[in-house]
Amino acid sequence: MVFQKRISRGDFLRTMGVGAVAGSTLSVLACQPNTTAQSSGGGGSGPEEKALNLYNWSDYVAKSTIPDFQKQTGIEVTQDFFSSNEELLAKLQAGGTGYDVIVPSDYMVTIMIKSDILEPLDMSKIPNFENVGKNYKGLAYDPKNEYSLPYQWGTTGILYNKKELGTLDPSWDPMWDPANKGMIGMLNDERETPGAALYKLGYSVNATEKEQLDEAEAELKKQKPLLRGYFDSTQNRPSVINGDLLLGHVFSGDAFLALSSNEDLDFVIPEPAATRWTDNMCIPKGAEHPDNAHKFINYILGAKTGAELSNYTYYNTPNEASLPMINDALKNLPGYELEPAVFDRLQIIEDVGRATREYSTLFTSVKSS
Amino acid sequence: MGKGRGWTLRLAGLLSPVTIWLGLFFLVPLLLILAYSFGKSGIYGGITLGFYPGNYLKVFDPLYIEIIGRTLVIAVLNTLLCLLIGYPLAYFITFKGGRHKNTLILLVMIPFWTSLLLRAYAWVVILGGDNGIANRILQFLHLTDHPLTLIFTPQAVIMGMVYSYLPFMILPLYAALEKFDWRLKEAAQDLGASRWHTFWRVTFPLSLPGVIAGSILVFIPSAGEFVIPNLLGGARTVMVGNLIQQQFLQARDWAFGSALAVMLAVLLVGAIMFYVRRVGADKLEEV
């Protein structure tokens, strides 16, 4: 799925990231990372050199995260960025990347486990594991957390103009309402948008039955004439803010950024269901600094680090110990802290194997209808 | 003889960088795509080489044929619009530009100093919003009394494409017109040809090499365009470029993506051969 999920903080430079995805199509396999020092120290015997190569979504660490880690451990962190899970996968499959910690989303963790490119985690080196809330571990994509620990999580819902539309009921119907014609933006994502149709129909976001997918396709074809278009979450946010759209299908971090600067807007997580996603820290096979990688993962799961991350990214923390330190301004936004009843109806997008291509064809067929 | 061989060696030496460069970075990737297009995609990306013509059969699915057809229509439209707008401008710069000629040509090239992506985003900012720059200007000039829907429309896509590719049309046209011999024009007029006649029978045919080169330079990249439909069109229109990108980055079907890329290349080569044959290959050599 996903063209770049988590590039969320505002402004122009940020938005550039979105396009860079497009631009990077042809460079999927190109480029080695800017790993600086990785000649020695690998292998496992003896102490590692003080280096760590992190491969992350862009702008996904707080300003203090990496400097503080370097201060505490003396380990020098080199960070590279990817803009889609598929780009991350392609690079790892090409091999020899030299990365020690990567941050794939939920369904991609499954794919990486199945492709045998992840190193199992050594929990004895990650005592902060106990900070992870029960809702964020043991998830279907890695049931025993053998390979992954959560980094940040969020939801996908509707950012809308409350001043124009009034307060909306939690439902997908406004995205199909002819009254909003031309003012709706859906995600340009072949799992999230078919997913919205599946939710609306009361099906699972991971449906693979042909009848259900056909129904979802029909639903989306019905919706298309009402849409302004299919966009990245980072495009929908400014469009809703400046009035080009009344409703935008967005990731929660984009919604919270918009809400914190504009009182006319609101964010709703529709019934009967919506997506929640998790980004995870993993160690790829062949990492040269596995000890440092474990130290880093443990550091991220620290109470203070976790809170700083979320206060910067505007996404949710899986870290229970961090919760008391989340800024009140963020906590008070609608949809940030979820009632258990709301949380329980969220679904996780899973890898659907071969059916991935069914989703792709479905979405193409809708877009060219 | 000795002299001849020395010359051959020197030529080989001079040509080796370009041969190696094109071989490594053009021919090898192209062959790789060709090999991939007959391969079989793994569920999780990656590819098994072999001979699976199924990828090509899939291209002929009506869904994809429609997308390819639409792409070609958009590319032709873009080329015609660029020609229609670019020709008068190139003509004006060449014949009326006088001592400002170089400055004017520089102005045509200046957009290249910034990334296409940045310029596309600039258009999003200009066209977007009821209170956006374009809408404010239109209302200030009393051309409209209510905000217009300018961004995320098919018109915005065409506008964005013409904007992006126009310089590729103007520069070869300018190069062709620049070489134009004024005396031919005078001769035509002395012989009683009207201005229209002079242009149509003398100037335009002599500028054909520029027209051909410009059209090809605009047509090929427009047929592979995928950024502008997404950024300015709201991804409502799928072009082949989008489809190929999607196969590699989302559907993880590299084999089908490669088959689409090969088909697009074959179509483009075919279209260009047809075009050049119609207007004459000799014209192209003059560029």
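Predicted model: local features only at pLDDT ≥ 70, side-chain atom pairs only at ≥ 80, totals over all residues.
**Entry 1**

For my bookkeeping, residues are numbered from 1 along each chain as its sequence is written, and chains are lettered from A and ligands numbered from 1 in the order in which they are written.

I then looked up burial, with a residue called buried if 20 or more other C-beta atoms lie within 10 Å of its own, exposed if 12 or fewer, and partly exposed in between, the C-beta atoms being placed from the backbone. Of the 369 residues in chain A, 52% are buried. I listed 14 helices and 12 strands for chain A; helices (H or I, at least four residues) and strands (E, at least two) are DSSP runs, numbered from the N terminus.

**Entry 1: the two domains of chain A**

I looked up the domains, whose bounds come from an automatic or database domain assignment, and chain A is given domain 1 (20-153 + 278-334) and domain 2 (154-276 + 343-367). Taken over C-alpha atoms, the centres of these two domains are 28 Å apart. At their meeting place, 18 residues of domain 1 of chain A are in contact with 15 residues of domain 2 of chain A.

On the domain 1 side, I found that helix H4 (106-114), strand E5 (149-161) and helix H12 (328-331) of chain A give two or more residues each, and that H4(A) has the largest share, with 4 residues. I sorted that side by class, counting Ala, Val, Leu, Ile, Met, Phe, Trp, Tyr, Cys and Pro as nonpolar, Asp, Glu, Lys and Arg as charged, and the others, Gly among them, as polar; the side holds 12 nonpolar, 5 polar and 1 charged residues.

**Entry 2: a sheet and the helix across it**

I followed an open sheet of 3 strands in chain A, which has the order E2-E1-E3 with parallel pairing, where two strands pair if DSSP finds at least two bridges between them. Strand E2 (76-82) and strand E3 (101-102) of chain A are the edge strands, each pairing on one side only. Strand E1 (residues 51-57) of chain A runs parallel to E2(A) and is joined to it by 7 bridges, and I saw that Asn53(A) stands opposite Thr78(A) in E2(A).

H10(A) lies across E1 and E3 of chain A and runs at about 50 degrees to E1(A); here axes are lines fitted to C-alpha atoms, for helices over the stretch in contact, and angles run from 0 to 180 degrees between N-to-C directions. In helix H10 (residues 290-300) of chain A, 8 of the 11 residues are buried, so this helix is largely enclosed by the rest of the structure. Among the buried residues of H10(A) I noted His294(A), Phe296(A) and Ile297(A).

**Entry 3: the nonpolar cores**

I next looked for nonpolar cores, each a set of buried Ala, Val, Leu, Ile, Met, Phe, Trp, Tyr and Cys residues joined through C-beta atoms within 7 Å. The largest has 95 residues, of which Val101(A), Leu159(A) and Ile297(A) touch the most other members, and E5(A) gives the most to this core, with 6 residues. Both domain 1 and domain 2 of chain A give residues to this core, so it lies between them. Another core, of 55 residues, lies apart from it and includes Cys82(B), Leu150(B), Ile151(B) and Leu232(B).

I turned to chain B, which has 14 helices and 2 strands, and in which 33% of the 287 residues are buried. Its C-alpha trace spans about 80 × 70 × 35 Å along its principal axes.

I found Lys96(B) in helix H3 (residues 62-96) of chain B, and it is exposed, with 10 other C-beta atoms within 10 Å.

Finally, I looked at where the chains meet, and the contact takes 36 residues from chain A and 34 residues from chain B. On the chain A side, H14(A) gives the largest share, 6 residues, and that side divides into 8 nonpolar, 19 polar and 9 charged residues.

Key: Contact = placed C-beta atoms within 7 Å.
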